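Welcome to this short briefing on a protein model. Take a look at the structure below, and then we will walk through it topic by topic.

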Amino acid sequence: MSTVYILGAGATKAVAPRAPLMNNFLPLAFESLANDPRIQKVSEFVSDFYLGSPLPSDAQSMQAILPRLEDVLSQLDLCVVQNRPLSANYPLQKVQKLREDLVYLIARLLKDTLEQLERDWHITRGLVHSLTEEDVIISLNYDIIVDNALAQEFGPQRVNYGMDVRLLYHEYPNSYYEPTRAHQGELPRDLYKLHGSLNWLYCPNCQALDVTLAEKGTLLVFNEKRPATCQICQSPYQALIITPTLLKDYANGLLLQVWRNAEERITRADRVVFIGYSLADADVEIKCMIKRATYNGWRQRGRRPTVTVVDREGAGTEAEERYRRLFGEIEYLPIGFTRYVRERIGGT
Ligand SMILES: [Zn+2]
């Protein structure tokens, strides 16, 4: 019996209530980090490109009019992929800089709000505790809550990201080892992060991915005075946080490897459990990939995987309707992540 858990932003929100949801990122950052020059660059861009007028000063008014974070990221990514400026006043180089600033904004905001994990942290531990080597967690989040829970439960060297990780840093920069040597003979637990992760450091020169443990390594990349560098070749690391727009071209297929593995595991799954994921209209690639995988699984094995949707307690019927239209018969549980783990998985 293999289960694939697909975690959306709601799963982070359940264990870290102060963590922002995607559509709050821009207003929150523009309000609370307004003095940060890199975030100012992003807010100037948003106000010019999207609003054509100055930004309101408070988050609530901004919330009503600002574009979604994914839309802004996708717009910039498309320029990078097509090698095309956004306009005469936004040449490609400026677009690339803006994209870096936007990733910095995400990392900065998540670091501030996830610094201390809050009361329901043990819920994530409960979920990972129940995992067998046949199960897999697919996360659409950049934060490293599940990574840390897995590392604590099974040991950091047994977290398998579904792609080749070269170095695992205990503590950047001095303490690291090669994970492939470390986990021989021990079955890994799989965590596939389709949009990248805050603790992934990509060296464009070595074309290799290194990971920092229990540390949001991506912020190291943005340290202006001393940006993190690859310990093998000394090139500056890049963050690996992406939108599906960039998938084909980014990072020499490392992320593509993760997506392929995710699809393959969903195809083989007996059960697919969505937790805190709204199946948003914008997530075309993800929805198509999951649907294709469940269909192929059904054709190849002669039975449909069961689909369970764990929505927040007291949620309306909108998400349920979206899931039913895409997957047909589903088990819909508007009981929240915490109750799901307690009542259905038996975690504490
Ligand atoms: Zn390198």
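In β8, for instance, Asp 210 is the bridge partner of Leu 201. Please keep in mind that this is a predicted model. The chain is divided into domain 1, covering 1–16 + 118–348, and domain 2, covering 22–114.

**The seven-stranded sheet**

- Seven strands make an open sheet with parallel pairing, in the order β3-β6-β2-β1-β10-β11-β12.
- Strands β3 (159–160) and β12 (331–333) stand at the edges with a single partner strand each, so one side of each has no neighbour in the sheet.
- Strand β11 (residues 306–310) pairs with β12 in the parallel sense over three bridges, and Val 310 stands opposite Leu 333 in β12.
- Helix α8 (residues 145–154) packs on this sheet and touches β1 (3–7), β2 (136–139), β3 and β6 (189–193). The direction of α8 makes about 170° with that of β6.
- Helix α11 (residues 254–268) also packs on the sheet, where it touches β1, β2, β6 and β10 (271–275). For α11, the angle with the direction of β6 is about 120°.

**The five-stranded sheet**

- Another open sheet has five strands in the order β5-β4-β8-β7-β9, and its pairing is mixed.
- At its edges are β5 (175–177) and β9 (238–241), each of which pairs on one side only.
- On average, neighbouring strands of this sheet are turned by 35° against each other, direction ignored.

**A look at strand β8**

- Which strands pair with β8, and in what sense? Strand β7 (residues 196–203) and strand β8 (residues 208–212) pair in the antiparallel sense over four bridges, while β4 and β8 pair in the parallel sense, over four bridges.
- Asp 210 of β8 is the bridge partner of Leu 167, and also of Leu 201.
- Strands β7 and β8 form a hairpin with four residues between them. In the turn, Gln 207 has a positive phi of about 55°.
- Strand β8 is mostly covered, with four of its five residues buried.

- Met 163 sits in the loop between β3 and β4 (165–171).
- Is Met 163 buried or partly exposed? It has 19 other C-beta atoms within 10 Å, so it counts as partly exposed; a buried residue would need 20 or more.
- Beyond residues up to four places away in sequence, Met 163 touches Leu 209, Leu 254, Gln 257 and Val 258.
- Met 163 and Leu 254 are 91 residues apart in sequence, yet 6.4 Å apart in space, C-alpha to C-alpha.

**Helix α7**

- The buried residues of helix α7 (residues 121–129) are Ile 123, Thr 124, Arg 125, Gly 126, Leu 127 and Val 128.
- These buried residues pack against α1 (9–15), α8 and α14 (336–345).

- The C-alpha centres of domain 1 and domain 2 lie 25 Å apart.
- Domain 1 brings 16 residues to the contact, and domain 2 brings 17 residues.
- On the side of domain 1 that touches domain 2, α10 (217–221) and β9 each supply at least two residues.
- By class, that side of domain 1 has 10 nonpolar, three polar and three charged residues.

Definitions and conventions:
Residues are numbered from 1 along each chain as its sequence is written. This is a predicted model: local features need pLDDT of at least 70, side-chain atom pairs count only at pLDDT 80 or more; totals for chains, interfaces and linings use all residues. Two strands pair if DSSP finds at least two bridges between them. Two residues are in contact if their C-beta atoms, placed from the backbone, lie within 7 Å. Axes are lines fitted to C-alpha atoms, for helices over the stretch in contact, and angles run from 0 to 180 degrees between N-to-C directions. A residue is buried if 20 or more other C-beta atoms lie within 10 Å of its own, exposed if 12 or fewer, and partly exposed in between; C-beta atoms are placed from the backbone. Domain bounds come from an automatic or database domain assignment. Ala, Val, Leu, Ile, Met, Phe, Trp, Tyr, Cys and Pro count as nonpolar, Asp, Glu, Lys and Arg as charged, and the others, Gly among them, as polar.
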